[in-house]
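User: I would like to go through this structure term by term. For each label, set the value against the definition and then conclude.

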Amino acid sequence: MSDSGWPADRIDTEHAHSARIYDYILGGKDYYPADREAGDAMAKEWPALPVHMRANRDWMNRAVRWLAEEAGLRQFLDIGTGIPTSPNLHEIAQSVAPEARVVYVDNDPIVLTLSQGLLSSTPEGRTTYIEADFQRPEAVLESDEFRRTLDLTRPVALTVIAIVHFVLDEDDAVGIVRRLMEPLPSGSYLAMTIGTAEFAPEEVGRVAREYAARDMPMRLRTIDEAHEFFEGLDLTGPGIVQVHKWRPDDRGEQGVRDEDIAMYGAVARKP
C-alpha cells in the first residue's frame with residue numbers, strides 16, 4: 001500500500017481506479033484494497049492479464065527508445081501518464097538523449113502527488129507535469145507548461161498509451177487524438193496502444209465487464225477502428241500489430257501467445 005501521504009480529500013480509496021489496478025497488477029505499491037480486489041477479480045477471469053499489462057509496458061519502453069534513437073525525437077508529450085513505474089518515459093528518452101524534454105499529462109490526483117518522481121530530469125533536459133483531462137485537449141495545449149517546455153518548431157512525439165479504451169464513442173477518442181496532433185509540426189510522431197478483444201474475446205470481455213461493474217466502462221476496438229487514429233499519418237514498420245510483435249527485442253516477448261495480448265501498438269509519422 002502507498003505510504004506517500006496522499007491528500008485524503010482528493011483520493012477516493014473506496015473505489016478501484018484503473019491506474020492503481022495497473023500498478024497492482026505490475027507489482028507496484030501504490031494501490032488500495034479496492035484496487036487489489038478488482039485486480040484479483042480480473043486476473044481470475046483472464047489469467048493472462050499480468051502478461052498483457054507487462055507487454056504493454058514493455059512496448060512503451062521499446063517505442064520510446066526507438067523514437068529517441070532511430071527517429072531522433074527530443075520532445076515528448078505523454079498523455080495519461082499513470083502512476084510512475086521505473087523506467088519512466090523520461091528516463092528512457094534521456095538515457096538516449098540527456099537533453100530530451102518530456103511533458104506528462106494526467107488528471108489523477110494520485111499521479112499529481114507522485115509526480116515529483118516524474119519531474120527528476122537530467123540537467124540537460126527537462127520534465128514537467130500538467131494536471132489536465134486529455135478529453136479536453138485545449139487544457140493541455142493552452143497550458144503554460146506545454147508552451148514553456150516544448151518547442152513547436154521542432155518535432156514532438158505524442159504518446160497515448162493504454163488509455164483510449166476508456167474513452168467511449170460519444171467522447172470521440174479519434175477526434176481528441178487528432179486535436180492533440182494538430183499543432184505538432186511535420187516530422188512529429190504518434191505512438192499509441194489501443195485495447196482490443198479480437199484475440200481473446202470471451203476472456204477480455206469478462207475483464208471489461210469487471211471494469212464496467214466498477215464504473216469504468218471500456219470501448220475495445222477492432223484493427224479497422226485502430227487504423228482510424230492514424231489516418232493522414234505514415235505508419236512505421238511493422239504497422240499496427242499486437243504490442244508484443246512491434247519491434248520485439250527478445251527481452252520479454254518470447255513465448256507470449258497472441259491470445260494473451262489485448263492491445264494493438266503502432267507508431268506513425270506526421271508528414
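Analyst: Buried means under 20% relative accessible area, exposed means over 50%, and partly exposed lies in between, with a 1.4 Å probe and protein chains only. This is a predicted model, in which local features need pLDDT of at least 70 and side-chain atom pairs count only at pLDDT 80 or more, while totals for chains, interfaces and linings use all residues. Residues are numbered from 1 along each chain as its sequence is written, and side-chain values use heavy atoms, with hydrogens and water left out.

User: Why is Arg-247 called partly exposed?

Analyst: Its relative accessible area is 35%. Arg-247 sits in the loop between strand 7 and strand 8. Its phi is positive, about 45°, although Arg-247 is not a glycine.

User: What makes Asp-215 exposed or buried?

Analyst: Asp-215 has 67% relative accessibility, so it counts as exposed. The loop between helix 9 (201-213) and helix 10 (223-227) holds Asp-215. Asp-215 also has a positive phi, about 65°, without being a glycine.

User: Which class does Pro-84 fall into, and where is Pro-84 found?

Analyst: Pro-84 has a relative accessible area of 23% and is therefore partly exposed. Pro-84 is in the loop between strand 1 and helix 4 (89-96). The C-alpha atoms of Pro-84 and Pro-33 are separated by 19 Å, and the two residues are 51 apart along the chain.

User: What makes Val-174 buried or exposed, and which residues does Val-174 contact?

Analyst: Because its relative accessibility is 13%, Val-174 counts as buried. Val-174 lies in helix 8. Contact means heavy atoms within 4.5 Å. Neighbours within four places in sequence aside, Val-174 is in contact with Glu-228 and Phe-229. Glu-228 is 54 residues away along the chain, yet the C-alpha atoms of Val-174 and Glu-228 are separated by 6.9 Å.

User: What is a nonpolar core, and which residues touch the most other members of the largest one?

Analyst: A nonpolar core is a set of buried Ala, Val, Leu, Ile, Met, Phe, Trp, Tyr and Cys residues joined through side-chain atoms within 4.5 Å. The largest has 35 residues, and those touching the most other members are Leu-77, Leu-158, Val-164, Leu-190, Met-192, Phe-229 and Phe-230. Elements that give two or more residues to this core include strand 1 (75-79), strand 4 (157-161) and strand 5 (189-195). Helix 8 gives the most, with six residues. A second, separate core of 32 residues includes Ala-68, Leu-89, Ala-157 and Trp-246.

User: How many helices and strands are there, and what counts as one?

Analyst: The protein chain has 10 helices and eight strands. Helices (H or I, at least four residues) and strands (E, at least two) are DSSP runs, numbered from the N terminus.

User: How do you know what the radius of gyration says about the protein chain?

Analyst: The radius is taken over C-alpha atoms, and the globule rule is 2.2 Å times the number of residues to the power 0.38. For 271 residues a compact globule would have a radius near 18 Å, and the protein chain has 18 Å, so the value agrees. Of the 271 residues, 53% count as buried.

User: How do you know that the bond from Gly-237 to Pro-238 is cis or trans?

Analyst: Omega is near 5°, and this peptide bond is cis. Pro-238 is placed in the loop between strand 6 (234-235) and strand 7 (241-242).
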